[in-house]
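Welcome! Let us walk through this structure together, one region at a time. Please keep the view open as you read.

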Amino acid sequence: MKRTACRVASLLASLTAIAAAGCQNSSAPITSPHIEASVLMHQQMLQEDRFGLPAIATVFIPTDLRDAYNLGSPSGDVATFKSLIVAKLMAFGQDAASANALASALSPDVQPIDLSQPSNFLNGRKPSDDVITAELHLIFGSNAALNDDHVDANDVPFLTTFPYLAGPHVQ
Amino acid sequence: MSRKVVLILLLVAAAGLGVTRFITASDHKDSMLLAGDPAADIADLYTFRSPTNPANVVLVMTVSGFIPPSEASTTFFDPNVLYQWKIDNDGDAVEDLVIQAFVTGTGGHQVMHFRGPAKASEIGSTTRVIEGPETATVAVSNTPTPIVATRNGMTVFAGVRDDPFFFDLVQFKKIIAGEASAFRNPGVDTFAGTNVLAIVVELPSSLLGGTKLSVWGSTSRPQL
């Protein structure tokens, strides 16, 4: 209460140049301490990383283009990177048509979701979805030695309620 | 190691070539810029309809992978990083709405602030904190019992959690190094027992302007 009262007094003081008598720190900034403390306010920021699909698309980006990719935007992905994905898939032995279809699903690198349908990778992504096995199937097809890592679930159960992720492992 | 690196390894395996040198060179962060910057290195992104309320959508971003139990209580977000979800609701892969999150404070006294969903003030790879009030705030909690806050219909969490990702990365590395020819059955989850920094938001889907969405995550820092 005291603090709020002083803030109000401080606000009035700043508006009317009347001293906020009785407040220990009447010249303190008026804004919320949380807001005023952010170093990000009013600054232009530059993207460092981005993430859409669980990285299949990024897999196909050569090392020397990875920073450019991380700094880029999905709207540029088809023009900049799709041909690289197609070429890579064809190098793996896929024919042009299937390589093109898969590359189209992987670019732009976003996580698509239709909220009118149940969520399952690739319609969104739930924590419990076995994304790696899905991707191994994509790459290795029917090769049973390699198309499943046989880790089918998380090491600890997910929560059924918010925030859904399990608590931290602690010592 | 970021998921991107994991999947770079997948790519290498798929190529089925002599690739050991490439793996050695790639077995850290996924780019030069992100090397040594785990707080800005996105580990995973999840988007799903809420299991507790079908009218809601849940957004999860994890960063700073492979936090050991010994560091679970001492790993925090970076106040110099803006964590952001970008949401396209009309199919052009350009963000129509953003949800922003950033922390203030240090050590065990961080607060995560949320703004949006709202129109971005800049589109693409440069960004600014959007004007206007915060939609929610929550104390960052690294404890087993999460601190959760709800405001403006949005429920939020930020802090250390178990890494939800699972994969037998160790066996996979052996396969691509030529030391094994198949996955183990059962496999062993390399990410078991490790933590990540997580930001979780649940909000009414109606706030996102459509049913068919494209979602991606980004991290940004002030330009020097």
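Between which helix and which strand of chain A does the loop with His42(A) lie? His42(A) is found in the loop between helix H2 (33–37) and strand S1 (45–51) of chain A. Keep in mind throughout that this is a predicted model. Although His42(A) is not a glycine, its phi is positive, about 60°. Is His42(A) buried or exposed? With 9 other C-beta atoms within 10 Å, His42(A) is exposed.

Next, follow the backbone to two cis peptide bonds. One joins Phe162(A) and Pro163(A), with omega about 5°; Pro163(A) sits in the segment after helix H7 (131–140) of chain A. Another runs from Gly116(B) to Pro117(B), with omega near 10°, and Pro117(B) belongs to strand S5 (residues 111–118) of chain B.

Now turn to the helices of chain A. Helix H5 (residues 77–91) has 15 residues and reaches 20 Å from its first C-alpha to its last, close to the 21 Å expected at 1.5 Å a residue. Which residues of H5(A) are buried? They are Asp77(A), Phe81(A), Ile85(A), Val86(A) and Leu89(A). Seen down the helix axis, these buried residues of H5(A) fall within an arc of 155°, so they line one face of the helix. Just after the helix comes Gly93(A), with a positive phi of about 110°.

H7(A) can be read in a similar manner. Its buried residues include Val131(A), Ile132(A), Glu135(A), Leu136(A) and Ile139(A). They cover an arc of only 135° around the axis, which puts them on the same side of H7(A). The helix is followed by Gly141(A), whose phi is positive, near 55°.

How do the two chains meet? The contact takes 73 residues from chain A and 97 residues from chain B. On the chain A side, the elements giving two or more residues are H2, S1, helix H3 (56–59), helix H4 (66–71), strand S2 (111–114) and H7. S1(A) provides the largest share of that side, seven residues. By type, the residues of chain A that touch chain B divide into 37 nonpolar, 23 polar and 13 charged. Strands take part in linking the chains too: S2(A) pairs with strand S11 (residues 212–222) of chain B in the antiparallel sense over four bridges. Within this pairing, Ile113(A) has Leu213(B) as its bridge partner.

Finally, look inside. The largest nonpolar core has 73 residues, of which Val60(B), Met112(B), Val156(B), Ile199(B) and Val200(B) touch the most other members. Leaving aside neighbours within four places in sequence, the contacts of Met112(B) include Phe77(B), Ala101(B), Val103(B), Val156(B) and Ile199(B). A second, separate core of ten residues has among its members Tyr69(A), Phe81(A), Val86(A) and Ala103(A).

Definitions and conventions:
Residues are numbered from 1 along each chain as its sequence is written. Chains are lettered from A and ligands numbered from 1 in the order in which they are written. This is a predicted model: local features need pLDDT of at least 70, side-chain atom pairs count only at pLDDT 80 or more; totals for chains, interfaces and linings use all residues. A residue is buried if 20 or more other C-beta atoms lie within 10 Å of its own, exposed if 12 or fewer, and partly exposed in between; C-beta atoms are placed from the backbone. Two residues are in contact if their C-beta atoms, placed from the backbone, lie within 7 Å. Ala, Val, Leu, Ile, Met, Phe, Trp, Tyr, Cys and Pro count as nonpolar, Asp, Glu, Lys and Arg as charged, and the others, Gly among them, as polar. Two strands pair if DSSP finds at least two bridges between them. The arc is that of the directions from the helix axis to the C-beta atoms. A nonpolar core is a set of buried Ala, Val, Leu, Ile, Met, Phe, Trp, Tyr and Cys residues joined through C-beta atoms within 7 Å. The expected span of a helix is 1.5 Å times one less than its number of residues.
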